[in-house]
Amino acid sequence: MSRKKLREGLGLTALNLLFILICFVTLIPILYALSVSLNASNRLLSSDFSFIPKSFTLDNYLAVFTGEDILTWLKNSIFLAGATVALSLLVAIPAAYCFSRRRFPGRRLILRWLVLLNSFPAILSMFAVYRLLRPLGLINHRLGLLIIYTGTMAVFSLWNMKGYFDTIPVDIEEAAQIDGAGPVQVVTKIVLPLARPSIIVTALMVLIYVWNEYIYATTFMTGEENYTLAAGLYALQATEMSGSWPVFAAAAITVSVPVLIIFFLCQKYMTSGLTAGGVKG
Amino acid sequence: MKENVKKKKGRDWLFSYLWSAPSLLLIGLIVVFPILYTAYISLTNMSVYHWFDYSIIGLSNYARALFVFDSGFLGALLATILWTAVNMVIQLVLAFVLASLLNIQKLRLRKLYKTLLMFPWAMPGYVSILLWKTGMFNTQFGLLNQWMEKLGHQAVRWLSSDVSAFICCTVVNIWLALPFMLMIMDGAMQSIDKSYYESATLDGATWLERTRYITVPSIRPIIAPAVIITVFTTFKQFDVIYLLTQQMGAKTGSGLHTILTYAYENAFITNNYGYSSAISIIIFVLLILFSIRYQSPEEGSA
C-alpha cells in the first residue's frame, strides 16, 4: 500500500516538474524581453547571460515614455478603441435584437450571407476600402479608421450578440410587456442586463482588435503623430529601433500590460460569452 | 381587422430594417463593397502603369493565376495547404496531450499552469511575433543564436531559407494558437461524466482504450466548431509569415509565401492590382466552398 502511494507521489512530482518546464519554455520569449528591458548592463553578446538581470534599471522604460511619441500614440489608441467599442455596441445591439426577436423577409438570407461574406480576409479589402474612402476625404482621418474598424467587427458583433439574445427566454419580455413596459424599456431594462456576458465579450473583442491592428493603421494614416500604439510600435521596430532592442522590448512590454490585465480580468466571461453566441449560432 | 394586422406586420419589418440599418450600412461599406469592387478590378489590367486608363481584359488574370505554373500562385496555394495541415495536426495533438495531463485528478496546481499557458493568447499578437523575431530568431542578439554560440556552433540565419522559415513560422503560430485550443479541449474534457472512466477502469480498460473509446468520441462534437474556426484562421494566417519574413525593407530572403502574403505582395509591393484582385477572389471562393462544406447543421435552422 505505501509502495503504491510512493509511486503515485513520484508520478505526481514528475508531472508537476513537466508542467513547470512546459510553462517556462512557453514563457521564454516574454521572460527574455522582460529581462532585457530591465537589464542595466546590456552586454547582450556576452555569454554569461541569465534570465534574471544582474543589475536592474528602468532606463529603457524611461526612454520609451520620454524619447518617443508614445504618449500621443497611447492617447490615439485609447480614443480610437473607446470610440470603436461605443459605436460597435450602439449599432450592433439594436440590429442583433431585431435579428434575434423579430421575423421579417430577408432575415435568414442576410444572416447566412453575412457569415460567408465575412470570411473574405480584411487585409485583401484594403485596396478597395482605400478607393472608397479617398474620395470621401477620410484617408488620414481618424473617422476613416473608426468606420473601417467598426465595419470589420460588425458581423462578429451582430452574430455573437444575436446568438446570446436567442438563449434568453421570450417569456420574460412578454411578462414585462403585460406589466406595461414599452419596447425600448424591455430592451434596456431586461434584455441588456441579462445579456451582459455577451456584451462584455463583444466589447472586449472589438477593443483588442483595435488595440492590436497595425496594417490599416500604418497604411491609412501618415505622420507619426497620428499613429496608434500598434502602428507606432510597428513603425519603430521597422526603422530606427531595430538597433535598440532593449528599448523595443520595454515598449513591447508596456503595450502588452493593459491587454494582459483586461484579458485576465475578463477571462471568466470568455467561455460563456463566446460559446453561447458565436459557436452555436 | 385582418387588414390592420397586415398593415402592422408591414410596418413591423420596416421597423426591424430601420433599427438594423446602421449596422447593415457599415457592413455594406466595409465588408460587401470591397468584395464587389475586388471582383470588378480582377477583370481589369489595373496596375501602376494603368492606374486610370485601365481596361477590362476578361478572365486572363484568373488564367494567369491558375494555369501559368511559374506565376507563383499554385506554389503558394500548396504551401498554404501544407501549412494548414501541419499546424492543425501539431496543434490538436499537443492540445490533446496537455489537456489530458491537466485533467489528471490529483494535479493541484492545475489553475496556475493553465493561467501561465494562457499568456501567449493574451499578449497582443503582433507584439509576440515581433518579440520572437528580434528576441529569438535575430542573427546577432537572438536567444537561439546565443545558445548556438554557447554550444560552439556558428550563428544561424533562421529565417533566410524556405524550409527553416516554414519551421520557424510554424513554431510561432503554434505558440500563438495553442492556448485557445487547449482551453477548448480542457473544457470539453471536463464535461465528460467521470463515472464512465470509473466503470471502464473497473472493467480493466487501459489508458489508451479509455482515450479511444471514451475521451475522443465525447469531446469530438464539442470541439468541432472551434477546430473549424481554427482551420480558417490558420489558412488565412498573415501576420506570422509577413512580420517574421517579409516586412517592407526587412525581407529575410526566404521565398515562403502563403496565398494571403502572395496576394498582399502583388497588391502593395509590385502593385499589380488586377492580378492580386483575381487571387483575392479565388481565395474567397475557396473559403466559401470550405465553409459551405463544413457548415454546422444547426446554423441552417437559425
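In the predicted model, the C-alpha centres of domain 1 and domain 2 of chain B are 45 Å apart. Domain 1 of chain B covers residues 1-31, and domain 2 of chain B covers residues 75-234. The C-alpha trace of chain B extends over about 85 × 75 × 35 Å along its principal axes. The radius of gyration of chain B is 25 Å, whereas a compact globule of 302 residues would have a value near 19 Å.

The secondary structure of chain B comprises 13 helices and zero strands. Read from the N terminus, the order of elements in chain B is therefore α-α-α-α-α-α-α-α-α-α-α-α-α, with helices as defined by DSSP runs.

Within chain B, helix α5 (125-137) packs with helix α7 (residues 162-190) at an angle of about 135°, and the two axes are 11 Å apart. This angle makes α5(B) oblique to α7(B), because angles over 145 degrees would be needed for a roughly antiparallel pair. The crossing of α5(B) with α7(B) is right-handed. On the α5(B) side, the contact involves Gly125(B), Ser128(B), Ile129(B), Trp132(B) and Phe137(B); these meet Cys168(B), Val172(B) and Leu176(B) in α7(B). The contact of α5(B) with α7(B) contains six nonpolar and two polar residues, and no charged ones.

In chain A, helix α1 (residues 2-38) and helix α12 (residues 245-265) pack with their axes 8 Å apart, at an angle of about 120°. The pair α1(A) and α12(A) is thus oblique, and its crossing is left-handed. Residues Ala33(A), Leu34(A), Val36(A) and Ser37(A) of α1(A) meet Trp245(A), Pro246(A), Ala249(A), Ala250(A), Ala252(A) and Ile253(A) of α12(A). By class, the residues of this contact of α1(A) with α12(A) are nine nonpolar, one polar and no charged.

Between the chains, 70 residues of chain B are in contact with 68 residues of chain A. On the chain B side, two or more residues each are given by α1 (2-41), α4 (110-122), α5 (125-137), α6 (143-150), α9 (207-235), α11 (259-268), α12 (273-293) and α13 (297-300). The largest share of the side of chain B that touches chain A is that of α1(B), with 19 residues. The residues on this side of chain B divide into 48 nonpolar, 15 polar and seven charged.

Notes: Residues are numbered from 1 along each chain as its sequence is written. Chains are lettered from A and ligands numbered from 1 in the order in which they are written. This is a predicted model: local features need pLDDT of at least 70, side-chain atom pairs count only at pLDDT 80 or more; totals for chains, interfaces and linings use all residues. Axes are lines fitted to C-alpha atoms, for helices over the stretch in contact, and angles run from 0 to 180 degrees between N-to-C directions. Helices (H or I, at least four residues) and strands (E, at least two) are DSSP runs, numbered from the N terminus. Angles under 35 degrees count as roughly parallel, over 145 as roughly antiparallel, 65 to 115 as roughly perpendicular and the rest as oblique. A crossing is left-handed if the near helix is turned anticlockwise from the far one by less than a right angle, and right-handed if clockwise. Two residues are in contact if their C-beta atoms, placed from the backbone, lie within 7 Å. Ala, Val, Leu, Ile, Met, Phe, Trp, Tyr, Cys and Pro count as nonpolar, Asp, Glu, Lys and Arg as charged, and the others, Gly among them, as polar. Domain bounds come from an automatic or database domain assignment. The radius of gyration is taken over C-alpha atoms; the globule rule is 2.2 Å times the number of residues to the power 0.38.
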